[in-house]
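Got your viewer open and a selection tool ready? Let's walk through this one stop at a time.

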Amino acid sequence: MTILYSAMQSGPNLGPWSATAMIAAVVLSSTAGEVLTAAAMKSIGDLDEIRAHSGLKGAIRAVVTCPLFFAGVSFLALAFFALLLALNHMNLSLVAPASASLTLVTNAIAGKIFLKENVDRRRWTAAVLVCVGVYFLAH
């Protein structure tokens, strides 16, 4: 877990576990938000069909009355504030690429598990390469 420690700014009492926890908070809350939002949109159905049948107001109503959508947006807001906290204590050159790329990895895993998406070998290979890239970024 000391991977992230070397790229941190000097902050008050910020150790490698704190840095790892901050980036993990960004990644996990972002992934939860994206999975919940995707699940919401899949449960709502085709917005074009809804719009054709009920108009634009009907499509908007379908989205804003879906609890999964608001849960997803809440987690995405949490991810944003976790990102702000991480940027307050660590270098942008580590936080932004690490959180964005690791979110790609966790999204592939979560999409496979929770949304039953087909994640092919090419995407798994890309996820592994992203992890290797984050390792090199932190060293």
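This is a predicted model: local features need pLDDT of at least 70, side-chain atom pairs count only at pLDDT 80 or more; totals for chains, interfaces and linings use all residues.

## Starting on H1

Select leucine 28 to begin: its place is in helix H1. Helices here are DSSP runs of H or I with at least four residues, strands are E runs of at least two, and both are numbered from the N terminus. Leucine 28 is exposed, with a relative accessible area of 56%. Buried means under 20% relative accessible area, exposed means over 50%, and partly exposed is in between, using a 1.4 Å probe and protein chains only.

Residues are numbered from 1 along each chain as its sequence is written, and side-chain values use heavy atoms, with hydrogens and water left out.

## The whole fold

Zoom out and color by secondary structure. The protein has five helices and zero strands, giving the pattern α-α-α-α-α along the sequence. Of its 139 residues, 35% count as buried. Take the contacts (heavy atoms within 4.5 Å) with a separation of 6 or more: residues 24 or more positions apart account for 69% of them.

## H1 against H4

Now show residues 16–44 (H1) and 92–114 (H4): their axes come within 8 Å and cross at roughly 40 degrees. Axes are lines fitted to C-alpha atoms, for helices over the stretch in contact, and angles run from 0 to 180 degrees between N-to-C directions. H1 and H4 are therefore oblique to each other; angles under 35 degrees count as roughly parallel, over 145 as roughly antiparallel, 65 to 115 as roughly perpendicular and the rest as oblique.

From H1, pick residues including Ile23, Val26 and Glu34; from H4, the partners include Leu94, Leu102 and Phe114. By class, the contact of H1 with H4 has ten nonpolar, six polar and one charged residues. Here Ala, Val, Leu, Ile, Met, Phe, Trp, Tyr, Cys and Pro count as nonpolar, Asp, Glu, Lys and Arg as charged, and the others, Gly among them, as polar.

## H4 against H5

Among the residues making the contact are Pro97, Ala108 and Lys112 of H4, and Trp124, Cys131 and Leu137 of H5. The contact of H4 with H5 divides into 15 nonpolar, two polar and one charged residues.

Next, select lysine 116 in the loop between H4 and H5. Its phi is near 55 degrees, a positive value in a residue other than glycine. Most residues other than glycine have a negative phi. Lysine 116 is exposed, with a relative accessible area of 67%.

## Last stops

How many disulfides does a search of the whole structure find? Zero, with a disulfide taken as a pair of cysteine sulfur atoms within 2.5 Å. Cysteine 66 is buried at 9% relative accessible area, whereas cysteine 131 is partly exposed at 36%.

Finish at aspartate 48, in helix H2 (residues 47–64). Aspartate 48 counts as partly exposed, at 49% relative accessibility. Its C-alpha atom is separated by 7.9 Å from that of alanine 59, eleven residues apart along the chain.
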